[in-house]
Amino acid sequence: MDAERSGDRTKHTRPTTQLRSLALEITGQCQNTCASHCYATSGPHGSHGTMTRDDWCALLNQAAGLGVAMVQYIGGEPTLHPHLPQLIDHALSRGMRVEVFSNLVHVRPPMWRAFSRPGVSLATSYYSHHATEHEQITGGRGSYARTKANIAETVRRGIPLRAGIIHVHDGQAIEGARAELRRLGVTGTIGVDRVRAIGNASGGLEVHNPAELCGRCGTDRAAINPDGVVTLCVMSRWLTAGDVRTQGLAEILAGPEWVDRMAVIPRSAGGCVPDTCTPKEDSCQPSPGVDGCTPDDSACQPGQPACLPKFP
């Protein structure tokens, strides 16, 4: 770290006093090929990385011991990971809520059973009410009809669902997409976010701009990639702070690399970016009959507890 940045550490660092959520990027594999905006550059040729099921379970045990209240499974497309149902069960057994951020292109019966468990919710991104436009953005043939049908099925089953829209290009049918989500039964706030210059949207540049981040990364969250590497959030994936395969999570969060990475990010009191990908506050009160907060809960504000990616 250069002298100028090191000198600003006191100004910019906000130490993590309570880790409330973990984003677990369990796979880099995805059916879609979102060439214009995928934060993780995931696709059909991505892998599940080197973290085994036992590695993820050991990490969940550590997280529970640290008081983490929510785990979010992401990717790539997390439903492609062979052990997702077991990882959901393990997190629930340790008293943590679970959100699965899925493109909802294909949901197998075992997944529906896992998603229907108390304490589990889903999140997804949507792009247009026109099939051609939606599939041009996702790069997935048939993705529009499949995602639309599985959103309807999620609502029919009574599974809590958050949906957001990513504004990828000018003239995109944003309002049409929002209206269609309403017709499908999606309730609560449907946020819209622009593409961030991270991953595929960076144009292949090796230089990353911390200004693209929300400014709250690392304050109450952390992210783990498929190889066990820890970052402040999935959007700040180049700011690595350790490896859970060789260090304990608590050790990493208290270590000098974590402090150094925190110092890089310009701090902001604003909401998380993108708002559409953020689980709600752990302190929010759920609506009657619903496990976890709904987007309409007035106390739930975007930006907490985990800033997560634009998803295909």
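**The nonpolar interior and its surroundings**

Guide: In this predicted model, the count of disulfides comes to zero. A disulfide is a covalent bond between the sulfur atoms of two cysteines. Cys30 counts as buried because its relative accessibility is 1%, under the 20% limit. Cys57 counts as buried as well, since its value of 15% is also under 20%.

The interior itself can now be described. In soluble globular proteins, nonpolar side chains tend to be buried together. Here the largest nonpolar core comprises 57 residues, and Leu24, Tyr73, Ile88, Phe115 and Ile224 are those with the most contacts inside it. Helix α3, residues 53-65, supplies the largest share of this core, namely six residues. Another core, of eight residues, lies apart from it, and Ala23, Phe101, Ala123 and Met235 are among its members.

When neighbours within four places in sequence are left aside, Ile88 is in contact with Tyr73, Val98, Val100, Ala114, Phe115 and Val120. Of these partners, Tyr73 and Phe115 are also listed among the residues with the most contacts inside the largest core.

For the site elsewhere, consider Glu175, which is placed in helix α8, residues 174-183. Glu175 counts as exposed because its relative accessibility, 51%, is over 50%. Its side chain is joined to that of Arg178 by a polar contact of 3.2 Å. Between Glu175 and Val192, 17 residues apart along the chain, the C-alpha separation is 9.9 Å.

Key: Residues numbered from 1 in each chain as written. Predicted model: local features only at pLDDT ≥ 70, side-chain atom pairs only at ≥ 80, totals over all residues. Heavy atoms only, no water. Helix = DSSP H or I, 4+ residues; strand = E, 2+ residues; numbered from the N terminus. Buried < 20%, exposed > 50% of the residue type's maximum accessible area, 1.4 Å probe, protein only. Polar contact = N/O pair within 3.5 Å; in protein donor to acceptor, adjacent residues only side chain to side chain. Disulfide = S-S within 2.5 Å. Core = buried A, V, L, I, M, F, W, Y, C linked by side-chain atoms within 4.5 Å. Contact = heavy atoms within 4.5 Å.
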